[in-house]
Structure formats: structure tokens, C-alpha cells
Amino acid sequence: MVDGFIKVAAVTPKIKVADTTYNAHEITNLILEADGAGAKIIVLPELCITGYTCGDLFLQDRLLREAKKALLEIAEHTKDTDALIFVGLPVEQEQKLYNAAAVLKGGEILAYIPKENIPSYAEFYEARHFAPGKETTDNEVPFGPDILFVCDNVDGLVVGCEICEDVWSADTPSTRHALAGADVIVNLSASNDLVGKDTYRQELVKATSARLLAAYVYASAGDGESTQDVVYSGHNIIAENGTVLAESKPFTTGILYTDIDVQKLCMERRRMTTFVPKNKHPYLVVSFHYEKTQKTEFTRTFNRMPFVPSDEMTKTKRCEQILSIQANGLKKRMEYTGAKAAVIGISGGLDSTLALLVTVRAFDMLGLERGAIKAVTMPCFGTTDRTYDNACRLAKTCGAELIEVDIKKSVLRHFEDIGQSQDNHDVTYENGQARERTQVLMDIANQTNGLVIGTGDMSELALGWATYNGDHMSMYGVNVGVPKTLVRHLVQYYADTCNHQEMTAILSDVIDTPVSPELLPPEKNGKISQKTEDLVGPYELHDFFLYYMLRCSYPPSKVYRIAVQTFKGEYDTDVILKWLKTFYRRFFAQQFKRSCLPDGPKVGSVALSPRGDLRMPSDACARIWLDELEQLSK
């Protein structure tokens, strides 16, 4: 339970209808197994102690007494477990019968939660047997729908419960629970299987978790229920804020595990200003305590490239959508300013390639001649034949006007003016070239009544890997919302879909070229000598750090922990820690570059615009973040 991670389990036992002794034995064994695996919240199906399909047997006093006896046996046999357990059974209260969840902890019954919405349609005629649970009473064992379970030694963990039909209703109890503070909702269900219903059920659970900014643990009845009229598939789902973390295969029994992140859910609610909590009254709050607060061994996985969808179909759709967002943003800016041309510095690298492809798309949408795109290549000390050739070929293949401006003489004259030795390859040597290039682009834009199109990406902005008032500056930055790991996939998508053999070959070689600013002279064999990832670290690590630091507000130690888990076998722990320190140090120190960032389109949930997503002071100190990382080094 360290770092806010809580292991949860959705459990479907194989039962026998009306055989409470057998069912109690199966339920107990599965609870003990889940507890042994570290699960801290265990959810079983609706009415699983008796079976959901007992029909009029629910009116038999014998069944009700045996169900209560079975519950007490389950409580006794699980008294040494450390989990909060939800198990379904029929409960009689004041001469009415309720479909309820019993909540167990340490061998005690903490409360009964009755189902509020009782179906009365053909296959589920529960209204024949059960009353809707509406009132909450503080009896010796509290009873009612408005009860929250608050953990006193895990910050932010508040659990609410609803039963099956409740989540299908227009006014769900879970909405009320969430607004009263519950960030984990459990649902004990018995949902039959029909063609297409599994998809609808999954979407319902996923959407509910997203709407409530909550984790949702859904456990459904399966094997052993009567198949007299319908069949139950044991479809269990665990979702967190709109993402399905784990889902059981149809027609299986057993335990579904995953880890939910309570800390992240609390952060999301702080961030979401439209999520307005309501007074807990008339809620009854039941406190519980975990005896063991050990570090949760991960069941869930983390996407090593969180900005890039892992599913190919989704990735294709996402790439097309992002290119459209970028192009439409530039299209609007061109229309508004009345610009007649677009001026782009092309280097043969990934970023300028993507910017050119986006500009081509925008010009096609505007009905403008591609020749009004001024693709400017500006070779200097570090330019290699490979990148130069790719830049030239790309511009010509796109139909843009290729303009070559060799800036060596201008840069050397500038060095002479300021007393900079051309043999001193320091930051002045590098940045002098970048600023000269920007001046050339700006002046050509003036000559052509055009806009300078920025090429820098979001990862470079996060690290401050840009020359202030050099490649840092433009009139519209089409790539500012795109991290480096995604740039590569966008260019690859274009290569795969352009239906142009020469273009595909050029783009493939661009993708294979090492990322470099090419500001230092190449090696003797003509190869790139200055590789960005050797200097600041792998972009796949930095993009991973950026996403979980900004989007999820994870502290440094938590980012480190999940990075170690995700990149195990690829990067040593000391390498991850080294580059994580670099990331935090540079992210804080380079905010001043982001504070005067040109306009550009946001394409995802993480963005660095100082006007919208990141209101960060340029003088913020990174000390407390770096101190936490130093503790990991000891």
C-alpha cells in the first residue's frame, strides 16, 4: 500500500444453488487465497452465499437462517485476514428481505449494504422477493445504502458499495457515494450473459469510473448458478478513472487481481474543478484499519510509452487525429494572419520532418500551392551528408520550395565580432548557429509575407533542450504538444500511409537517423558526433517521467518505482535514477524558456503551454524533489 497502490480482487466462486455449506467453503478458500496474494479489498458476487438464482426459495426461512450461519462461518475463518471483504447474501431486516452485501473485516461484520434498485422485468423478477434498501440505520451492525468505509491508515482510501442493477440505473448510488468521498466503488453483481452485453457492461463500468474519478471493482456471478432461463458468465471488471485495468475472460471462475492507485484518484479530483464534493450527511462512516501496510507487489503494468497507444488500431486512429489537430491549428493561423507563405527550417531530423508534413497538409486544406512552403536548409559546422540529403529530398518530394542558405560565413563573422574562437566548441559555439538560423528564417518570412513554423517538440521543451531565441522561437509551433516518442510514430504513420515510394524511403531513413542538433563537427567518417540522448538521456525515459510527473502528479520516488518496474531488463536502476535526476533538474531550471513559448496546438492530456496547462513560476526551486531522489541513492 506504499505510494497509494492498493491491490484489489474481484472473485467469482463456483457455487451450488441453495447449498450454503458448499458455497461458504468455496468462498472462504478464495478469500484466503486472495488475502495471501496481498489483496486488501475483496469483492464477491451478489447473493453468492446462496446463489442468485434461488427464486422462491428466498422465501424459505430455512435458506435464510443457513445463509446467516454461512456468513458467520466465513467471518470466523477469515478473521486473520487483513482485507476488507464484500460478500452477497439475503438479509432479513424488520420483517423485510433485502439483497445485501455483508462487509467483513478481521472476522467482524462491519455493515450490511442493501440493493437500492430492485428489477422487476422478466429474467430478474427480484421485486417478488426483495425490498429496495432506502434507509440507513445505525444498529449494532449498521444497515443501509449510505455507508462509507474509511481506512484510518491509508490516506484517501474511502470505499462505497452498490449492487448490480444500481449501476444500470439513471441515478446511481455510486454517484452519491463518490460525491460523499468514496474513491473506490465495489459492485456485487449477477449479470447474465447475452450477445453484446459484455461489451455494454465493460463500457458501463469504464464510463462510471471515469465520470466519478474513481476505481470500480465489479464482481459477477458465474459457474454454478442455475441455467434454467439464462446463463451467467462471471464477467469481472476492474477499472480506474476510465481505464480497464483488468478483465476476466468469459465463463471463468476464480480471482481477478490488479492494483488501483488511490493517490492518483485523489489528485484527479483535486485537479477537476467540476468535481464538487457534497456533505457526507446523512452518511454513516465506518472506520477500518489495515494491520499490514506492506509494499504492494505490482499486478498492473504501465505503458512504457504513455503518449503512444500500444494497440495498433488505436495508434493509427490517434496518429491521424493528431496530424489533423496540428494541421487545422496551422490552417486557422494562416487564415487569420493572411500569411502567403510558411517558412520552415529543415534539418533532415524527425521534428522538422513532422513540421513540414503538417504544413503540407495545412496547405492542401487551404487550397494553397505547396511551392509557397519555403523549406530552408542551413548547413553549418555539424551538418552531415545524410541529414542534408534527406532534408533536400524531402522538400522536393513534398513540392515545397527548397532554399539553401549556408550560414558558415555569417556565424564565423559573428564569432569574430564577439571574440569567440571557432576552435572553442562551447555553448556559445553551438547556440550561435541556432540563433543565426532563426534570424535567417524570420527574415525570409518577412520577404515572403510568411510565418515561421516552429519545429521543436514537447520533450525538448520539458528538458529545455532548445536555444533561447533560437530554435526555441517561431510564429507558430506545430509540434509543441507532441513528445519525442510520439513524433517518431507520427512520421512512421505518414510513411506507411502516403502511398509514395520515394517519400516512404526518405521518411524511413529520417526515422533511423540518431537524434542530434548537429551543432558540433561530425566524426572523421562523416557520421553524427553529437547524439542528444547520450547527453540528456533516452527520450523514452524522459517522456515516461514527464507523463507520470505532470499528468498523474506522482512524486519522484513513485515515478522511479514504476520506471524500474516498467523498464526492468532494459535499464539498470542506477541509470534510471541518473536520468530521473537530470529530468527534474532540467525541468525546473528551464521553465523560463517555456514561459515565453509561441502559440501551438495542444494534442493530448499533457501540455506545457504557459497560458493553459502549466502555470509554473520560472524561479521555482527543485530542491524538495531532488532531495527525495537523493534519499533513493542511499
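Here are legends for a few close-up views of this predicted model. Residues are numbered from 1 along each chain as its sequence is written, and side-chain values use heavy atoms, with hydrogens and water left out. Since the model is predicted, local features need pLDDT of at least 70 and side-chain atom pairs count only at pLDDT 80 or more, while totals for chains, interfaces and linings use all residues.

**View 1. A look into the largest pocket, about 1,200 Å³ in volume.**
A pocket here is an open set of points on a 1 Å grid over the protein atoms alone, where a 1.4 Å probe fits, with protein on both sides within 12 Å along at least five of seven lines; lining residues have an atom within 4 Å of a point. Of the 36 lining residues, Thr 243, Asn 303, Pro 306, Arg 318 and Tyr 547 are the closest to the centre. The lining splits into 17 nonpolar, 11 polar and eight charged residues.

Is His 177 buried or exposed? His 177 is buried, at 0% relative accessible area (buried means under 20%, exposed over 50%, partly exposed in between, with a 1.4 Å probe and protein chains only). Beyond its neighbours within four places in sequence, His 177 has contacts (heavy atoms within 4.5 Å) that include Pro 145, Asp 146 and Tyr 283.

**View 2. Cys 319, a cysteine in no disulfide.**
Searching the whole structure turns up zero disulfides (pairs of cysteine sulfur atoms within 2.5 Å). For Cys 319, the nearest cysteine sulfur belongs to Cys 498, 14 Å away. Cys 319 is buried at 3% relative accessibility, while Cys 621 is exposed at 55%.

**View 3. Phe 544 and Phe 567, an edge-to-face aromatic pair.**
The structure holds 25 aromatic pairs: rings of Phe, Tyr and Trp (its six-membered ring) with centres within 6.5 Å, called stacked if the planes are under 30 degrees apart, edge-to-face if over 60 and tilted otherwise. This one has 5.2 Å between centres and 80° between planes. Phe 544 sits in helix H16 and Phe 567 in the loop between helices H17 and H18, so the pair ties together parts 23 residues apart in sequence. Both Phe 544 and Phe 567 are buried.

**View 4. Phe 588 and Trp 625, a tilted aromatic pair.**
Their centres are 4.7 Å apart, with 45° between the planes. Phe 588 is in helix H18 and Trp 625 in helix H20, 37 residues apart. Phe 588 is buried at 8% relative accessibility, but Trp 625 is partly exposed at 31%.

Note on methods. Points joined across faces, edges and corners; volume = space filled by probe spheres on them. Nonpolar A, V, L, I, M, F, W, Y, C, P; charged D, E, K, R; others polar. Helix = DSSP H or I, 4+ residues; strand = E, 2+ residues; numbered from the N terminus.
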